[in-house]
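Please read this briefing alongside the sequence and the coordinates. It is arranged by topic.

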Amino acid sequence: MPAQFVRYTPDVEVDDPDFDRNVQTVIEKTENYIAESVEAGGTGRALRDAHAKGYGLIRGEVEILDGLPPEYAQGIYATPGTHDALIRFSNGSPHAGADARLGAATGLALKMFDIPGPTLLEDEPDTGTFDYANINGPVFFCNTVEHYLFVQELFLNAAAYFSQGRPGAHRFFTEFVTGKGTLDQDDWAWDEFLAFLRLSKTPPANLLLSSYWTMGAVRHGDYIAKVRITPDPDSAAAVVRRAVDPASAAEVFRPALEAELRERPYTFDIQIQLCTDLERMPVEDTTVEWPERLSPSVTVAKLRLPRQDISGPENLEKMDSLSFTPWRVTAEHAPLGNIMRARKEVYRRSSIARHKLNQQPRTEPRSADEVLGPTR
């Protein structure tokens, strides 16, 4: 029998009475970290509190496919056509420095242009842009904003823990599970810790060979979904520099990306996985991977990257000035769940703080050409 997709209703999200207070605490810690990173971060600039190190800003084009089944042809995907785009590849760590120090969690942030309709950001509703901020793992290691308070603190100070060898690592793990001693034993963060371990064991890979997920759920028009940006099989097969060894050099991800894009174009599939069962495909529990056997991911668009040269330092400068947030979307694609909801104001406030400290104008571009210049 065909799958019965769960329709979106507001009650799929759980109200947290302490949400606003906890989010304000997260914002304060985030802004403090960003301010301190000017001196402590090693670059002389204010860093993002996550995905601090970018690997390249890429010009792209999104083709929304024609003839999609009606359940998938929702929101922006109801109208076939092409949109210019920009892509930022990054490392997920809040720190900069050699790739070997940062781990293999990487991100793909996508910005599409000329998308009709207001965004969900009240201070910039008419930008015409639409963002995804995806990571190379299908789950997240935090389910509540209350838990994020101690998880954020641990991650921002992770280097200090792990620099002390096994004793420091053991203390990091213990404080993660116990919420730095704040959680009752019955409420220890085992599911979140196991999700963290899973993500931490992600093997390093060429950025063009990873899949990138929203991790949290989003609206998909009348339905509930997760979004994956995954390599087109033919493009993936053509990648030459497949092995990436962070121990071999200080920089490994960016040089491999530069070389591949200089030599050949590349394509990702943008895919939608619709929810069919809120128990086994929950909205509020981001540590649970949605099983493909319950609802396979379906390609709704192609993300095409033409051949291009991203090697110059100006590419990194232009990349650093941009802002990406999962809330720069239309209402039909609203992020769902408390963790996703927390990202709205945290991302906005952190972006404002970073741009101010770096004396960068904080304005949304109207086209890829406005950022990278016209193609020749």
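Helices H1 and H3 are roughly parallel to each other, because their axes cross at roughly 15° and angles under 35 degrees count as roughly parallel. The model is predicted.

**Helix pair H1 and H3**

- H1 covers residues 19–40 and H3 covers residues 145–156.
- The two axes come within 9 Å.
- The crossing of H1 and H3 is left-handed.
- On the H1 side, the contact is made by Phe19, Asn22, Val23, Thr25, Val26, Lys29, Thr30 and Tyr33.
- H3 contributes Val145, Glu146, Tyr148, Leu149, Gln152, Glu153 and Leu156.
- By class, this contact has 8 nonpolar residues, 4 polar ones and 3 charged ones.

**Gln152 in the helix contact**

- Gln152 is found in helix H3, and it is one of the residues that make the contact with H1.
- Is Gln152 buried or exposed? Gln152 counts as buried because its relative accessibility is 3%, and the cut-off for buried is under 20%.
- Neighbours within four places in sequence aside, Gln152 is in contact with Val26, Lys29, Thr30 and Asp49.
- Among these partners, Val26, Lys29 and Thr30 belong to the H1 side of the helix contact.

- Strand S7 spans residues 223–231. How many of its residues are buried? The count is 9 of 9, and the strand is mostly covered.
- Strand S5, residues 212–213, runs antiparallel to S7 and is joined to it by 2 bridges. Here Tyr212 stands opposite Ile229.
- Strand S6, residues 218–220, pairs with S7 in the antiparallel sense over 3 bridges. In this pairing Arg219 faces Ile224.
- S6 and S7 form a hairpin, with 2 residues between them. In the turn, Gly221 has a positive phi of about 65°.
- Strand S8, residues 266–274, also pairs with S7 in the antiparallel sense, over 7 bridges.

- Asp114 is not a glycine, yet its phi is positive, at about 60°.
- Where is Asp114 found? Asp114 lies in the loop between strand S3 (106–112) and strand S4 (130–135).
- Asp114 is exposed, because its relative accessible area is 59% and the cut-off for exposed is over 50%.
- Lys180 is not a glycine either, and it has a positive phi of about 55°.
- The loop that holds Lys180 runs between helix H5 (165–178) and helix H6 (190–200).
- Lys180 is partly exposed, with a relative accessible area of 34%.

**Leu197 in H6**

- Leu197 is found in helix H6.
- Why is Leu197 classed as partly exposed? Its relative accessible area is 22%, and buried would require a value under 20%.
- Phe173 is 24 residues from Leu197 along the chain. The C-alpha atoms of the two residues are separated by 9.6 Å.

Key
Residues numbered from 1 in each chain as written. Predicted model: local features only at pLDDT ≥ 70, side-chain atom pairs only at ≥ 80, totals over all residues. Heavy atoms only, no water. Axes fitted to C-alpha atoms, helices over the stretch in contact; angles between N-to-C directions. Helix = DSSP H or I, 4+ residues; strand = E, 2+ residues; numbered from the N terminus. Parallel < 35°, antiparallel > 145°, perpendicular 65-115°, else oblique. Left-handed = near helix turned anticlockwise from the far one by under 90°. Contact = heavy atoms within 4.5 Å. Nonpolar A, V, L, I, M, F, W, Y, C, P; charged D, E, K, R; others polar. Buried < 20%, exposed > 50% of the residue type's maximum accessible area, 1.4 Å probe, protein only. Pairing = 2+ DSSP bridges.
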